[in-house]
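This briefing covers helix packing, sheets and salt bridges in the structure shown below. Lead sentences come first, then points grouped by topic.

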Amino acid sequence: MEEEVKSEQPKPMDGGVSSSVEISTPTAAAPAETADAAAKKASSPDAASTTAAAATAVAPTAPAAPPLKPISELTKTEKEELTQKVLRQVEYYFSDSNFPRDKFMRLEASKDPEGYISVSIIASFKRMMSLTTDIDFITECLKASDQLTVNEAGTMVKRKFPLPENDTSIPRSVYAKPIPQDATIDSISQFFSAHGKVLSVRLRRDLQTRSFKGSVFVEFETPEEAQKVASSKLQYAGVDLTIMMRQAHIDNKMKELADRQAKKRPRDGKPGAQAQREPQAEVPRVVVTGHILKFEFDNPESIQREHIQVHFVKYGAIGYIEYERGAKSGFVRFQDAVAQTAIEAFQADKKDIAGQTPTLTLVQGEAEQEYWRKAWEGMDRKRDFGQGGRGRGRGGRGGGRGRGRG
């Protein structure tokens, strides 16, 4: 099973038929979060929708990083290079492709009336700490950004421009394969930077094994750069690359999904059980990944369950929709691992639901396990309820003898 972003996911809502992704700016190994934030997210039901950086795991046997040089000991060239790395990394955190998906960043920004986030919080992210721990230096770097604004006190930073209404990253991104297993985000970014300004690289990973799938999403600054790369014949490590626009990749996945669904359709051509019904048969207690997306609305008063179904059934067969009218959030559970594909396709289609644009995130990790635990409990209760007797089956309200309330 695989999951294509979302972050992305973002949390960052990275990273198609599903592939977990490892995301970074051109010079970053992977954005991460503070230890406190990680602890909060690990215990939160929304853990899966946080920054796409959570998809990156550090191997336990990885060698310790060398100690950082004090800024005062850097050469002029080293200092200039570090300045650019810090600037690009923080600009990525606030970027159009990451910020909307990054629940932690958006939560922190919501605490300030002007949307500022403390520089010290940004500096505590693992990736930032791998670059420098000098907060004053970080602040000076950010002052040179044309995308960020630092407050007068030099303690807070925010986006300079408002977020676009729709996700603009897909038209600016390409899908490419095969990429060697030992390739790094930095090496991939350096390779594609020869053909345009690279904003982020997303490594597609298998959800279950966490292994790199040998394909990537590369986001460029403009659609024109992405289109130029998609039409180019490039080699990576001496091997011809298959490159296409990310939208074309999504379209291919949607066609594959439609073909699979057509093969599953009963011979009489009638659809199967209604999407709203929980399966009655015993289901294996195995967490399957990539099936669930979460949707959130700012003003859900006009939203009904039917609105959700109509908009998402085109992306795959729906197993269940968990939503109560008036609620700000709910879940769509697909019968196949197509949740991330559905998210990307929905965003690419620039759809709204009853006049509202939802925030969509892939449910992963502990949040996904918790979802399935509750779903199984609900299935068990429904099964017991039906067998126990208030239903209209034998012995229920319809009267007669049998398995009634007894």
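Strand 11 (residues 292-296) and strand 13 (residues 329-334) run antiparallel and are joined by 5 bridges. The model is predicted. Elsewhere in the chain, helix 2 (residues 76-93) packs against helix 6 (residues 135-143), and a search of the whole structure finds 12 salt bridges.

- Within the pairing of strand 11 with strand 13, Ile-292 has Arg-333 of strand 13 as its bridge partner.

- Another open sheet consists of 3 strands in the order 2-4-3, with antiparallel pairing.
- Strand 2 (117-118) and strand 3 (148-150) are the edge strands; each has a single partner strand, so one side of each has no neighbour in the sheet.
- Strand 2 and strand 4 (residues 156-159) run antiparallel and are joined by 2 bridges.
- Ser-118 stands opposite Met-156 of strand 4.

**Packing of helix 2 and helix 6**

- Because angles of 65 to 115 degrees count as roughly perpendicular, helix 2 is roughly perpendicular to helix 6.
- Helix 2 contributes Lys-79, Leu-82, Thr-83, Val-86, Leu-87 and Val-90 to the contact, and helix 6 contributes Phe-137, Ile-138, Cys-141 and Leu-142.
- Sorted by class, the residues in the contact of helix 2 with helix 6 are 8 nonpolar, 1 polar and 1 charged.

**Salt bridges between separate parts of the chain**

- Asp-96 and Arg-159 form a salt bridge in which the closest N and O atoms are 2.8 Å apart.
- Asp-96 lies in the loop between helix 2 and helix 3 (103-110) and Arg-159 lies in strand 4, so this pair ties together parts that are 63 residues apart in sequence.
- Asp-96 is partly exposed, with a relative accessible area of 27%, whereas Arg-159 counts as buried at 15% relative accessibility.
- Glu-221 forms a salt bridge with Lys-197, with 3.7 Å between the closest N and O atoms.
- Glu-221 is in the loop between strand 7 (212-220) and helix 8 (223-230), while Lys-197 is in the loop between helix 7 (185-193) and strand 6 (198-205); the pair is 24 residues apart and links distant parts of the chain.
- Glu-221 counts as partly exposed at 38% relative accessibility, and Lys-197 likewise counts as partly exposed at 41%.

- The side chains of Lys-143 and Glu-140 meet in a salt bridge, at 3.2 Å from N to O.
- Lys-143 and Glu-140 are 3 residues apart in helix 6, which means that about one helical turn separates them.
- Lys-143 counts as partly exposed at 48% relative accessibility, and Glu-140 is partly exposed with a relative accessible area of 49%.
- A network of salt bridges links Glu-370, Arg-373 and Lys-374.

Conventions:
Residues are numbered from 1 along each chain as its sequence is written. This is a predicted model: local features need pLDDT of at least 70, side-chain atom pairs count only at pLDDT 80 or more; totals for chains, interfaces and linings use all residues. Side-chain values use heavy atoms; hydrogens and water are left out. Axes are lines fitted to C-alpha atoms, for helices over the stretch in contact, and angles run from 0 to 180 degrees between N-to-C directions. Helices (H or I, at least four residues) and strands (E, at least two) are DSSP runs, numbered from the N terminus. Angles under 35 degrees count as roughly parallel, over 145 as roughly antiparallel, 65 to 115 as roughly perpendicular and the rest as oblique. Contact means heavy atoms within 4.5 Å. Ala, Val, Leu, Ile, Met, Phe, Trp, Tyr, Cys and Pro count as nonpolar, Asp, Glu, Lys and Arg as charged, and the others, Gly among them, as polar. Two strands pair if DSSP finds at least two bridges between them. A salt bridge is a side-chain nitrogen of Lys or Arg within 4 Å of a carboxyl oxygen of Asp or Glu. Buried means under 20% relative accessible area, exposed over 50%, partly exposed in between (1.4 Å probe, protein chains only).
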